[in-house]
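Thanks for taking a look at this model with me. Here are my notes, point by point, for you to follow with the viewer open.

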Amino acid sequence: MSQLKFYNTLTKKVEDFKPIKEGHVSLYTCGPTVYHYAHIGNLRCYIMEDILDRTLRYMGYDVKRVMNITDVGHLTGDSDTGNDKMVEGAKREHKTVMEIAKMYTDAFFKDIERLNIRIPDVIEPATNCIDDFIEMVQKLLDKGFAYVAGGNVYFDTSKLQKYNVLSNQGGDDLQVAVRDDVDEDVNKKNKNDFVLWFTKSKFEDQALKWDSPWGVGYPGWHIECSCISKKHLGDRLDIHCGGIDNIFPHHTNEIAQSEAYFGHKWCNYWFHVHHLNEKGGKKMSKSSGEFLCVDLLVEKGYNPLVYRMFCLQSHYRKPLEFSYDVMDQVKSQYEKLKKQVARIADNASNSTVDEAAFASFKEKFTDALCNDLNTSLAITVLYDVLKDSCSDATKLKLIESFEEVLNLDLLKKEEASAPTVDAELEKYILAKIEERKEAKKNKDFATADAIRDELLSKGIVIKDTREGVTWTLA
Ligand code: AMP
Ligand code: ZN
């Protein structure tokens with residue numbers, strides 16, 4: 001049987017994967033911060049993590065995957081600077097923080113469903129776990145790894161033998177995010193110390209706060225992943241994943257506090273996905289307010305699975321530049337592929353499976369994935385199957401098998417075409433969008449929201465994007 005290998009950011013090597021408990025894998029994923037739609041960069045990360053999850057299952061492992069939903073504590077600056085992202089989102093949308101959290105959590109699940117990403121076994125919003133955070137912070141204080149200053153609780157990085165275990169090793173082929181925000185917090189004893197619990201908030205309007213032994217406040221961002229992982233996966237973790245921008249400080253701080261809390265090594269493998277960039281190499285990001293989302297791709301006529309295939313054709317450890325030209329090429333490739341597969345499925349009952357050919361192609365496909373998740377090579381194996389002289393029954397069985405990982409709906413029959421909007425309704429929608437733009441210009445948000453709600457009641461969803469206001473059918 002093939003041996004799965006992938007790049008471990010902790011050791012800076014492609015390594016054989018060996019789980020702690022034979023046959024079982026504990027897998028933790030940093031989930032979305034739900035203050036806006038996930039952009040297709042975030043979703044590249046979730047698609048590639050889905051491939052890791054599915055590959056592990058394909059290899060026969062019993063996987064338990066946990067994902068958090070960040071609905072409190074994530075600031076716009078990585079080192080405890082800037083504003084709370086959720087509060088900013090609520091202000092932008094004239095809604096409460098919890099309304100924003102619900103709206104964008106729902107939107108996230110709609111996106112991952114359309115991208116055929118398997119829903120993790122456990123999904124836990126940070127605001128569900130406040131008591132667990134308080135328990136962890138208290139133990140870190142008791143063990144001398146934390147201190148209270150200026151009303152906040154900080155992690156003391158000087159108490160560790162080594163702090164930068166993930167990022168500060170030089171010669172890295174992953175570009176580690178460089179902190180570009182200036183940390184002006186005079187309460188910190190050491191430059192890299194980070195907040196575990198905020199009580200003296202610099203944000204007077206912080207919407208969510210809880211009582212704690214250190215006063216009314218709210219948790220820092222990093223503590224949530226350590227706690228949620230501990231709650232559902234115990235004190236030792238096989239694999240932790242996320243985008244490369246999370247290596248520092250988020251994952252570095254997770255390791256610091258978890259290992260200080262447990263008193264032993266916590267996670268064995270760190271899996272990081274490189275960024276999706278805009279044309280010209282700039283990282284796609286939510287905070288810049290300029291990003292592409294799945295709805296926009298759908299509106300432009302792309303099946304979301306064309307984007308999944310676009311991602312699978314490049315390696316997860318390389319930066320990927322988004323382009324509509326390439327999307328168009330992948331779209332026609334995808335449509336051709338579906339037609340070929342449909343022909344094979346129609347003819348398969350006329351032949352029998354050649355088990356030797358099946359085993360040989362399956363091994364090639366598995367080897368590609370086992371070699372640091374080489375998804376583009378796995379797709380090449382699929383094309384080799386289509387070109388091969390083996391029977392259609394063999395091909396069909398192979399496609400069914402490969403689809404357990406690729407999950408591109410290759411065998412799904414096209415549904416009847418989606419409902420359409422006639423010219424008159426389209427004219428009405430565009431007029432309403434103009435009216436709403438005018439209302440927003442005049443800061444008449446009540447009218448702007450009423451227009452959005454009215455369109456929604458007609459089954460039309462409108463969205464503010466970089467390209468202006470767009471609309472889709474609900
Ligand atoms: P967030 O919702 O901002 O917390 O990010 C969710 C996930 O997307 C994290 O794992 C990030 O590291 C990842 N991510 C953010 N921007 C990009 C990007 N442009 N390309 C790929 N992954 C990204
Ligand atoms: Zn996290």
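1. Helices α2 and α3 pack with their axes 8 Å apart, at an angle of about 90°. Since angles of 65 to 115 degrees count as roughly perpendicular, α2 is roughly perpendicular to α3. Please keep in mind that this is a predicted model.

2. Which residues make that contact? From α2 come Met86, Val87, Gly89, Ala90, Arg92 and Glu93, and they meet Val97, Ile100, Ala101, Met103 and Tyr104 of α3. Sorted by class, the contact of α2 with α3 holds eight nonpolar residues, one polar residue and two charged ones.

3. Helix α2 covers residues 85-93, and its buried residues are Lys85, Met86, Val87, Gly89, Ala90 and Glu93. What do these buried residues pack against? Their partners are α3 (97-114) and α14 (445-457).

4. Some backbone angles deserve a look. Most residues other than glycine have a negative phi, and most peptide bonds are trans. Just after α2, His94 has a positive phi of about 55°. Asn116 also takes a positive phi, near 60°, and sits in the loop between α3 and β5 (122-125). With a relative accessible area of 15%, Asn116 is buried, because the cut-off for that is under 20%.

5. Leu373 is another residue to check: its phi is positive, about 50°, although it is not a glycine. You will find Leu373 in the loop between α10 (355-370) and α11 (375-387). Is Leu373 buried or exposed? Its relative accessible area is 1%, so Leu373 is buried.

6. Now for the zinc ion (ligand 2). Which protein atoms are its donors? They are Cys30 (SG), Cys225 (SG) and His250 (NE2), at 2.1 to 2.2 Å from the ion. Along the chain, these donors follow the spacing C-x194-C-x24-H. Cys225 in helix α5 and His250 in helix α6 (residues 247-262) are 25 residues apart, and the pair links distant parts of the chain. Cys225 counts as buried at 1% relative accessibility, and His250 is buried too, with a relative accessible area of 1%.

7. Lys230 has a relative accessible area of 23%, so it is partly exposed. Leaving aside residues up to four places away in sequence, Lys230 touches Glu135, Met136, Tyr261 and Phe262.

8. Finally, the overall layout. How is the chain divided into domains? The domain assignment gives domain 1 (5-273), domain 2 (301-406) and domain 3 (423-473). Taken over C-alpha atoms, the centres of domain 2 and domain 3 are separated by 40 Å.

Notes: Residues numbered from 1 in each chain as written. Chains lettered and ligands numbered in written order. Predicted model: local features only at pLDDT ≥ 70, side-chain atom pairs only at ≥ 80, totals over all residues. Heavy atoms only, no water. Buried < 20%, exposed > 50% of the residue type's maximum accessible area, 1.4 Å probe, protein only. Contact = heavy atoms within 4.5 Å. Helix = DSSP H or I, 4+ residues; strand = E, 2+ residues; numbered from the N terminus. Donors = N, O, S within 2.8 Å, 3.2 Å for Na, K, Ca; no water. Axes fitted to C-alpha atoms, helices over the stretch in contact; angles between N-to-C directions. Parallel < 35°, antiparallel > 145°, perpendicular 65-115°, else oblique. Nonpolar A, V, L, I, M, F, W, Y, C, P; charged D, E, K, R; others polar. Domains from an automatic or database assignment.
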